[in-house]
Amino acid sequence: MSETKDTKKSQLLLLKNSFNKDFKFTNKEISQNIHWLRQIVSVLIGIIVGAIPITGYPGFIAYILFTCGFVAIYYTKVLEVEEDDFKWELMQEGFMPSLTIFVISWILVYNFLHV
Amino acid sequence: MATLDVLFILLVSIAASLASEGVSWLLVYRTDNYKRGKASIDRLQAQLDKLLEQESQTSSLSKKGSKDKKIEKIEEQLKIANKELSFSKMKSMFAVAVSMIALFSYLNRIFDGVIVCKLPFVPIGFLQGISHRTIAGEDYTDCSMTFIYAICSMFIRNNIQLILGTAPPKTKQNNPWALPEEKK
């Protein structure tokens, strides 16, 4: 019974507690959380990169550096994940959606401000 | 103007994803068959996780053989259950695919030859075919509707499925490029 309850923790609750070190996450919840945090970070980076504006491949390099850096810092400092396999899984979690969301916000802001 | 076009495409693809999830719900998610399959997958996954955890904790070699066999058996069952689940989704996937093609051809007609926006980068080789579709000229930072629509639908569909909790269960062997296989 407790298992079904655990899976029904709302995503908002999880996100609110994502920097709370005392909060216990299951592996699945960690992946979900990283997925959403990554989307948020990607949108922010897209807006910043579009507003400066950075054009060409430096934009993608900035995206990769910042999101991967963010995820890496998040799981080492906050979650203190030890297993290498799981780290790699987290690195890939939500990569394509966050890349595309970054590109869209970059294009939108760039077109809005600079074209 | 360009921003409005992009926003329009964004909204259309959000609406399309929601509609396709709605159709899927109507045809698949509310059926008992699907619910049963989903429940059994969740149960098997939980069992498997528990076994794997136990195995990593106990390092005794003596019991390892029987445990491994058990794990293998559950993994096999899980694979079968997953296959059945994706098979039951086929009907709705077909309906969704047809309506998506219709929508796409409608958008194509509106945005035929229109430069929707300027890209802040020059896409690499094979992407130029998508981003420069139906656009004349050599300036590859001009972007057509197809590119925007493709990237929108990529993240929107994924995230909407996650929010609604209808995302397909992840398996390690799952290959994102193996979609056509399901249409057998």
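The legends below describe close-up views of a predicted two-chain model.

Residues are numbered from 1 along each chain as its sequence is written, while chains are lettered from A and ligands numbered from 1 in the order in which they are written. Because the model is predicted, local features need pLDDT of at least 70 and side-chain atom pairs count only at pLDDT 80 or more, whereas totals for chains, interfaces and linings use all residues.

**View 1. Overall fold of chain A.** Chain A has six helices and zero strands, giving the pattern α-α-α-α-α-α along the sequence. Helices (H or I, at least four residues) and strands (E, at least two) are DSSP runs, numbered from the N terminus. Along the principal axes, the C-alpha atoms of chain A fill a box of roughly 55 × 25 × 20 Å. Of its 115 residues, 30% count as buried. A residue is buried if 20 or more other C-beta atoms lie within 10 Å of its own, exposed if 12 or fewer, and partly exposed in between, with C-beta atoms placed from the backbone. Among contacts in chain A with a separation of 6 or more, 67% join residues 24 or more positions apart. Two residues are in contact if their C-beta atoms, placed from the backbone, lie within 7 Å.

**View 2. The largest nonpolar core.** This core has 35 residues. A nonpolar core is a set of buried Ala, Val, Leu, Ile, Met, Phe, Trp, Tyr and Cys residues joined through C-beta atoms within 7 Å. The residues with the most contacts inside the core are Ile104(A), Trp106(A), Ile107(A), Val6(B), Val116(B), Ile148(B) and Cys152(B). At least two core residues come from each of α3 (27–51), α4 (57–79) and α6 (95–114) of chain A, and from each of α1 (2–29) and α6 (145–164) of chain B. The largest share, nine residues, belongs to α6(A). Apart from neighbours within four places in sequence, Ile104(A) is in contact with Ile151(B) and Cys152(B).

**View 3. The side of chain A that touches chain B.** The contact takes 22 residues from chain A and 16 residues from chain B. On the chain A side, α3, α4 and α6 each give two or more residues. The most, twelve residues, come from α6(A). By class, this side has 13 nonpolar, eight polar and one charged residues. Here Ala, Val, Leu, Ile, Met, Phe, Trp, Tyr, Cys and Pro count as nonpolar, Asp, Glu, Lys and Arg as charged, and the others, Gly among them, as polar. The model scores ipTM 0.75 and pTM 0.76.

View 4. α4(A) has 23 residues and reaches 32 Å from its first C-alpha to its last, close to the 33 Å expected at 1.5 Å a residue. The expected span is 1.5 Å times one less than the number of residues. Its buried residues are Gly59(A), Tyr63(A), Thr67(A), Val71(A) and Tyr74(A). They pack against α3, α5 (84–92) and α6 of chain A. Glu80(A), which follows α4(A), has a positive phi near 55°. Pro53(A) is in the loop between α3 and α4 of chain A, and the peptide bond from Ile52(A) to Pro53(A) is cis, with omega near -15°. Most residues other than glycine have a negative phi, and most peptide bonds are trans.

**View 5. Annotated spans in both chains.** An unreviewed UniProt entry lists residues 43–75 and 95–113 of chain A as "transmembrane region". Such annotations may be inferred rather than shown by experiment, and the positions are given in the numbering used here, with feature names shortened. Residues 43–75 of chain A are 85% helix and 0% strand, with end C-alpha atoms 20 Å apart. Residues 95–113 of chain A are 100% helix and 0% strand, with end C-alpha atoms 27 Å apart. For chain B, an unreviewed UniProt entry lists residues 6–28 and 93–111 under the "transmembrane region" heading. Residues 6–28 of chain B are 100% helix and 0% strand, and their end C-alpha atoms lie 32 Å apart.

View 6. Thr134(B) is found in the loop between α5 (125–131) and β2 (142–143) of chain B. Its phi is positive, about 60°, although Thr134(B) is not a glycine. Thr134(B) counts as partly exposed because 13 other C-beta atoms lie within 10 Å. The mean pLDDT (the predictor's confidence in each residue, from 0 to 100) of chain B is 79, and 85% of its residues reach 70 or more. Over residues 171–184 of chain B, pLDDT stays under 50, and the model has four contacts beyond four places in sequence for them.
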